[in-house]
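These are my notebook entries on one protein chain. I set down what I looked up, entry by entry.

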Amino acid sequence: MPDVTVIILTYNEQLHLRRAIESVRAFAAHVLVVDSFSTDDTAAIAAACGATLVAHPFVNQAAQFNWALDHCGVETAWVLRLDADEWVTPELADEIADRLDDLPGDVSAVRCPRRMHFMGRWMRFGGVGQRRMLRLFRTGRGRCEPRWMDEHIVMDGGRCVDFSGAFVDENLNSLTWWTDKHNRYASREALERLLAQRPGGGDTETNRSLAGQARRVRWVKKHLYYRSPPILRALVLYVVRYVFLFGFLDGKPGLIFHFLQGCWYRALVDAKVFSVQRSINRGGLSFEEAVQSHLQIDLAAVEDTGGSDEMDG
């Protein structure tokens, strides 16, 4: 069996956690569940599945994952990051079990295709069909970018190879839950945009650390999307995804997904950025006060938890 620790971040994930853990049994030497003080049966499920569970206050995905790397004593040769609502296909599990130990020493990371499922259907089109994601890397060679949203694993060197097996992003909660989650995500992404617009707040260094598809997507967002008119760019993105990238072939679930994720969510980010800027420019609020008022993110509390070191820059 390959020497792999799977790290799963959780908060009230009783609906998904067993599925995620079961999907990695063929290759995982250790499953580490980093929980944000769940109030459901997440802890019991982790214990029943033989995983190690630790609890830590949540700031954002990047800070939580990096905390796990730094403080949870990962001793295996490889680390796999897996979200609680994701699962590894049998094809990818077999590929990891069969190939990982035979990779050359100069290979430090593995990219795998991610399939996005929504309302029981694989979103094959609209530009989200099978994006390659770097999730598997040699211990000590990778970290999560210190970002509030859209974070990726970045490496300190070595070569990356591609596996053909996929992992699946399939959340089983209701659409009400999904939109509430994306509302919170929009607040984090709005904060990321606001921080990037402050003097010295760019993300040039992390952009240079990215590779492949992640770097291309980041370049398009920074140099094309964010230079277009706010709100209107969300409408254009939806048309591009739904029409020109054939999102309409994903059926009625695709119509809902591509509109909500490609238009509504992006427009919401723009609206939140505008509301914070307006409160600063016209309402006389400080940056921290405006963020707290409109995004419900307490930056002072983040600093008190020690999270500022991991999110600097």
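Before the first entry I note that helices (H or I, at least four residues) and strands (E, at least two) are DSSP runs, numbered from the N terminus. I also note that the model is a predicted one.

**Entry 1. Two loop residues**

I first looked up methionine 119, which is placed in the loop between β6 (107-118) and β7 (121-122). Most residues other than glycine have a negative phi. I found that methionine 119 has a positive phi, near 50 degrees, and is not a glycine. Because its relative accessibility is 48%, I recorded methionine 119 as partly exposed.

I then turned to isoleucine 231, in the loop between α7 (212-223) and α8. Isoleucine 231 is not a glycine either, yet its phi is positive, at about 70 degrees.

**Entry 2**

Are the faces of strand β4 (residues 78-81) buried or exposed? I found both faces covered, with Trp78 and Leu80 buried on one side and Val79 and Arg81 buried on the other. In a regular strand the side chains alternate between the two faces of the sheet.

I next looked up the partners of β4. Strand β1 (residues 4-10) runs parallel to β4, and four bridges join them. One detail I noted is that valine 4 has tryptophan 78 of β4 as its bridge partner. Strand β8 (residues 130-138) pairs with β4 in the antiparallel sense, over three bridges. There, leucine 80 stands opposite leucine 136 of β8.

**Entry 3. Leucine 53**

I located leucine 53 in strand β3 (residues 52-55).

**Entry 4. Helices α8 and α9**

Two packed helices are described by the angle between their axes and the distance between the axes. For helix α8 (residues 232-244) and helix α9 (residues 251-281), the axes come within 8 Å and cross at roughly 160 degrees. Angles over 145 degrees count as roughly antiparallel, so α8 is roughly antiparallel to α9. The crossing in which α8 passes α9 is right-handed.

Which residues of α8 meet α9? I listed Arg233, Ala234, Leu235, Leu237, Tyr238, Arg241 and Tyr242. On the α9 side the residues include Gly254, Leu255, Phe257 and His258, and also Arg266, Ala267 and Asp270. By class, I recorded ten nonpolar, four polar and four charged residues in the contact of α8 with α9.

**Entry 5. Helices α5 and α9**

I then examined helix α5 (residues 175-197) against α9. The axes of α5 and α9 come within 8 Å and cross at roughly 45 degrees. That angle makes α5 oblique to α9. I noted the crossing of α5 and α9 as right-handed. The contact of α5 with α9 has 14 nonpolar, seven polar and four charged residues.

Asparagine 183 is a residue of helix α5. Because its relative accessibility is 31%, asparagine 183 counts as partly exposed. Leaving aside neighbours within four places in sequence, I found asparagine 183 in contact with Trp264, Leu268 and Lys272. The C-alpha atoms of asparagine 183 and threonine 39 are separated by 21 Å, and these two residues are 144 residues apart along the chain.

**Entry 6. Helices α9 and α10**

At what angle do α9 and helix α10 (residues 287-295) pack? I found an angle of about 135 degrees, with the axes 9 Å apart. That makes α9 oblique to α10. I recorded a right-handed crossing where α9 passes α10.

In this contact, α9 contributes Lys272, Ser275, Val276, Ser279 and Ile280, while α10 contributes Phe287, Ala290, Val291, His294 and Leu295. I divided the residues of the contact of α9 with α10 by class into six nonpolar, three polar and one charged.

Definitions and conventions. Residues are numbered from 1 along each chain as its sequence is written. This is a predicted model: local features need pLDDT of at least 70, side-chain atom pairs count only at pLDDT 80 or more; totals for chains, interfaces and linings use all residues. Side-chain values use heavy atoms; hydrogens and water are left out. Axes are lines fitted to C-alpha atoms, for helices over the stretch in contact, and angles run from 0 to 180 degrees between N-to-C directions. Angles under 35 degrees count as roughly parallel, over 145 as roughly antiparallel, 65 to 115 as roughly perpendicular and the rest as oblique. A crossing is left-handed if the near helix is turned anticlockwise from the far one by less than a right angle, and right-handed if clockwise. Contact means heavy atoms within 4.5 Å. Ala, Val, Leu, Ile, Met, Phe, Trp, Tyr, Cys and Pro count as nonpolar, Asp, Glu, Lys and Arg as charged, and the others, Gly among them, as polar. Buried means under 20% relative accessible area, exposed over 50%, partly exposed in between (1.4 Å probe, protein chains only). Two strands pair if DSSP finds at least two bridges between them.
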